[in-house]
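Subject: Structure handover

Dear colleague,

Here is the structure I said I would pass on. My notes on it come after the display.

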Amino acid sequence: MGEVDPAFIQDPEHRPKISFTEAQGIPLIDLSPIATHSSDEVSAIDEGVVREIGNACKEWGFFQVINHGVPLEKRQRIEDASRKFFAQSLEEKRKVRRNDKEVLGYFDTEHTKNVRDWKEVFDFTVEEPTIVPASHEPDDKELTEWTNQWPDYPSELREACQEYAQEMVRLAYKLMELVALSLGLPGDKFHGFFKDQTSFIRLNHYPHCPTPHLALGVGRHKDAGALTILAQDDVGGLEVKRKTDGEWIRVNPTADAYIINVGDIIQVWSNDKYESVDHRVVVNSKKERFSIPFLFNPAHYTLVKPLEELTNEQNPAKYRAYNLGKFITTRKRSNFQKLNVENIQISHFRI
Ligand code: OGA
Ligand code: NI
């Protein structure tokens, strides 16, 4: 590639620095004290871990976990399948391409804040099918089903993805339990929201880039779901905006760890006690990079609003309730039509 397509070029203030600050202080939390408990053993959970999670959510919005109970071979299987899938020709990958009817599958022209991301992705939902509103129109009550598009090659991809998804769901419930306890709530406080979940997994491939100082793998953004569980490979490139000073901090790859971040929905539920934090992906001129985020999202009919237990007269609700399904379909619509407006954001519901 000679000249880089201007669609990828970030405005100067958003371009990455060539030298970067490595993560000092993004908490690394050992989940082994709780790894063997099932979710009905709430009282057995280690208070130290709960405190660490609470502090990490408050101070960073990001942390890494080790000894999380996800078998390494399941992770390796999906990572291998992902590499094989992306190594195919564009023509092959486009056979499962996303379009305005099939919203899942392969996609290589995603834009974040109207600048194109230097990446290609493959999306699939955890529930098959996933139920969502048919349109973004507030009064239209019709529902529709999102179905996954599975490629023929590699043949093991589908099963690897489905098995991995089950592991992610299990870990996500465990983490939500810890988050609930850290907020002084019953451990199962959030569980009911995730029946009929709209969660999805994205396989990300960031090819090496001739102009890593001008483009980004993913531009700065916050995750709109409840909680994200990210597997990154050993290349590195994820940067988190430090809350204390706004500096971009690189998250060092840690073998077999998962990176967890608070999404917008936890921010609303907690009435801003735990904030969803900006992050972005820097690309690399020599190495391609792979990552796999799992986005844990409630059912489409969820009315997202600050929890009553966490609001009172001194600390009134900071958000109006919003319907998650309509939020999701509004986002999807703007992804396709490139409406020249900002994506819908939780800040639009701020009181
Ligand atoms: C995302 C994301 C980070 C990464 O897909 O929302 O933030 O390291 N990805 O791929
Ligand atoms: Ni993200």
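This is a predicted model: local features need pLDDT of at least 70, side-chain atom pairs count only at pLDDT 80 or more; totals for chains, interfaces and linings use all residues.

Residues are numbered from 1 along each chain as its sequence is written, chains are lettered from A and ligands numbered from 1 in the order in which they are written, and side-chain values use heavy atoms, with hydrogens and water left out.

The sheet

Helices (H or I, at least four residues) and strands (E, at least two) are DSSP runs, numbered from the N terminus. An open sheet is formed by eight strands, ordered E2-E3-E15-E12-E17-E10-E7-E4, with mixed pairing; two strands pair if DSSP finds at least two bridges between them. At the edges are strand E2 (28–30) and strand E4 (105–107), each of which pairs on one side only. From one strand to the next the twist averages 25°. Within the sheet, strand E10 (residues 200–206) and strand E17 (residues 289–296) run antiparallel and are joined by five bridges. Tyr206 has Arg289 of E17 opposite it.

Helix H1 (residues 47–59) lies across E2, strand E3 (62–66) and strand E15 (258–262), and runs at about 160° to E2. Axes here are lines fitted to C-alpha atoms, for helices over the stretch in contact, and angles run from 0 to 180 degrees between N-to-C directions.

Helix packing

Two packed helices are described by the angle between their axes and the distance between the axes. Helix H4 (residues 157–182) takes part in both pairs described here.

H1 packs against H4 at about 85°, the axes being 8 Å apart. The two are therefore roughly perpendicular to each other (under 35 degrees counts as roughly parallel, over 145 as roughly antiparallel, 65 to 115 as roughly perpendicular and the rest as oblique). In the contact (heavy atoms within 4.5 Å), Val49, Val50, Ile53, Gly54 and Cys57 of H1 meet Leu175, Leu178, Val179, Leu181 and Ser182 of H4. By class, that contact has eight nonpolar, two polar and no charged residues. Ala, Val, Leu, Ile, Met, Phe, Trp, Tyr, Cys and Pro count as nonpolar, Asp, Glu, Lys and Arg as charged, and the others, Gly among them, as polar.

Helix H2 (residues 72–86) has its axis within 9 Å of that of H4, and the axes cross at roughly 140°. H2 and H4 are therefore oblique to each other. The residues of H2 that meet H4 include Ile78, Ala81 and Phe85, and those on the H4 side include Leu157, Ala160 and Tyr164. By class, the contact of H2 with H4 has seven nonpolar, one polar and six charged residues.

Backbone details

The bond from Glu128 to Pro129 is cis, with omega near -5°, and Pro129 is in the loop between strand E7 (120–125) and strand E8 (130–133). Tyr153 and Pro154 are also joined by a cis peptide bond, with omega about -5°; Pro154 is in the loop between strand E9 (143–146) and H4.

Asn67, in the loop between E3 and H2, has a positive phi near 50° although it is not a glycine. Just after H4, Gly184 has a positive phi of about 80°.

Regards
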